[in-house]
Amino acid sequence: MDIRNLKGSIVALITPFHADGSVNFEKLRELTEWHIENRTDAILALGTTGESSTMTHEEDDAALRCVIEAAAGRVPIIAGTGSNSTRTMLEKSLRAEKLGADGLLLITPYYNKGNPEGIYRHFASVADAVQIPCLLYNVPGRTGCSISVENVERLSRHPNICGIKEASGDMSYAMKIAHCIGPDFALWSGNDDIILPLLSIGGSGVISVWANIMPRACHDMVTDYLEGRREQAAATAVKYLNLMNGLFMEVNPIPVKTAMNQMGMDVGPFRLPLCGMTPAHQARLQALLEEAGLVK
């Protein structure tokens with residue numbers, strides 16, 4: 001499916017685990033179906049929220065295959081294939097393409113951050129090698145480096161790079177790259193708390209953590225804004241802002257998976273170095289879920 005003209009809510013899907021830490025494929029299929037039923041516009045598998053950094057390449061492939069088969073062509077599936085090693089990212093991207101992914105999400109190198117030309121080549125080398133569209137992923141809070149405005153400009157002109165997930169939370173940066181938006185390059189919010197501000201400068205939607213627990217609300221909010229019902233979209237954003245922010249009171253995806261378990265969704269534990277939330281944070285999260293009407 002074509003992701004180049006996609007708009008709406010893309011869920012940054014969690015990866016459910018069994019109690020022993022193995023991937024729960026039955027639950028993964030169930031979550032995929034639930035998102036489709038609730039109007040999620042596309043699914044991102046194996047992103048940060050999916051704990052892919054703790055999974056083997058074989059597990060990545062199996063999880064991606066599971067989501068693609070469960071979706072059965074009803075919504076686009078985007079694979080997170082990033083790595084701090086460009087060669088590894090290329091190998092993962094080629095495998096994801098072969099498995100049937102509709103697009104790729106490519107993160108900046110982390111730890112060995114790269115200079116500006118190295119970061120440009122990091123992305124371009126994958127975009128040159130695959131036939132499916134690629135999204136850049138800018139999240140300096142995770143990686144320690146940002147994609148420069150100049151590199152966004154260069155990469156936006158690549159025929160196989162169709163957009164950017166902007167997760168710096170810096171509206172000044174977003175404004176500086178907004179002129180790159182056009183028919184061939186889209187801006188996606190990577191932060192749930194500023195979806196509407198990014199839509200206001202031409203964004204196409206959000207790649208969302210919040211959508212893991214409220215997929216229909218996230219889809220409807222973006223659709224309301226894009227179709228001109230902006231007061232309604234703003235009311236939704238304000239109503240659930242505390243919950244959106246609460247999903248980041250500890251490092252993602254610890255709070256969102258905890259929330260899903262508190263909601264009875266049984267998505268299982270985390271893999272180290274991620275572990276359970278503090279009791280105080282669990283209580284705060286429970287209160288936010290109650291406030292949103294998601295638990296009693």
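Which residues in H9 meet which residues in H10? Let's start there, bearing in mind that the model is a predicted one. From H9 come Ala217, Met221, Asp224 and Tyr225, and they meet Arg230, Gln232, Ala233, Thr236 and Ala237 in H10. Sorted by class, the contact of H9 with H10 holds 5 nonpolar, 2 polar and 2 charged residues. As for geometry, H9 covers residues 215-226 and H10 covers residues 230-239, and the two pack with their axes 7 Å apart at an angle of about 145°. Their crossing is left-handed.

Helix H1 (residues 25-37) packs against H2 at an angle of about 40°, and 9 Å separates their axes. That angle makes H1 oblique to H2, and H1 passes H2 in a right-handed crossing. On the H1 side you will find Phe25, Leu28, Arg29, Thr32, Glu33 and Ile36, which meet Ala62, Ala63, Cys66, Val67, Ala70 and Ala71 in H2. The contact of H1 with H2 divides into 9 nonpolar, 1 polar and 2 charged residues.

H2 also packs with H3: the axes of these two helices come within 10 Å and cross at roughly 30°. Because angles under 35 degrees count as roughly parallel, H2 is roughly parallel to H3. H2 passes H3 in a right-handed crossing. The residues of H2 involved are His57, Asp60, Asp61, Leu64, Arg65 and Ile68, and they meet Thr88, Lys92, Arg95, Ala96 and Leu99 in H3. Here the classes come to 4 nonpolar, 2 polar and 5 charged residues.

The largest pocket holds about 580 Å³ of space. Its lining has 26 residues, with Gly47, Thr48, Ser52, Ser53 and Tyr110 lying nearest the centre. By class, the lining of the largest pocket has 10 nonpolar, 12 polar and 4 charged residues.

While you are looking at this part of the chain, check Glu51. This residue has a positive phi of about 55°, although it is not a glycine. Glu51 sits in the loop between strand S2 (42-45) and H2.

The second largest pocket holds about 330 Å³ of space. Of its 19 lining residues, Gly190, Asn191, Val209, Phe248 and Asn252 are the closest to the centre. The lining of the second largest pocket is made up of 9 nonpolar, 6 polar and 4 charged residues.

Asn252 leads us on to the backbone, as a cis peptide bond joins Asn252 and Pro253, with omega at about 10°. You can find Pro253 in the loop between helix H11 (241-246) and helix H12 (254-262). Another cis peptide bond joins Leu272 and Pro273, and here omega is about 15°. Pro273 lies in the loop between H12 and helix H13 (279-291).

Conventions: Residues numbered from 1 in each chain as written. Predicted model: local features only at pLDDT ≥ 70, side-chain atom pairs only at ≥ 80, totals over all residues. Heavy atoms only, no water. 1 Å grid on protein atoms, 1.4 Å probe; cavity = no way out; pocket = protein on both sides within 12 Å on 5 of 7 lines; lining within 4 Å. Points joined across faces, edges and corners; volume = space filled by probe spheres on them. Nonpolar A, V, L, I, M, F, W, Y, C, P; charged D, E, K, R; others polar. Axes fitted to C-alpha atoms, helices over the stretch in contact; angles between N-to-C directions. Helix = DSSP H or I, 4+ residues; strand = E, 2+ residues; numbered from the N terminus. Parallel < 35°, antiparallel > 145°, perpendicular 65-115°, else oblique. Left-handed = near helix turned anticlockwise from the far one by under 90°. Contact = heavy atoms within 4.5 Å.
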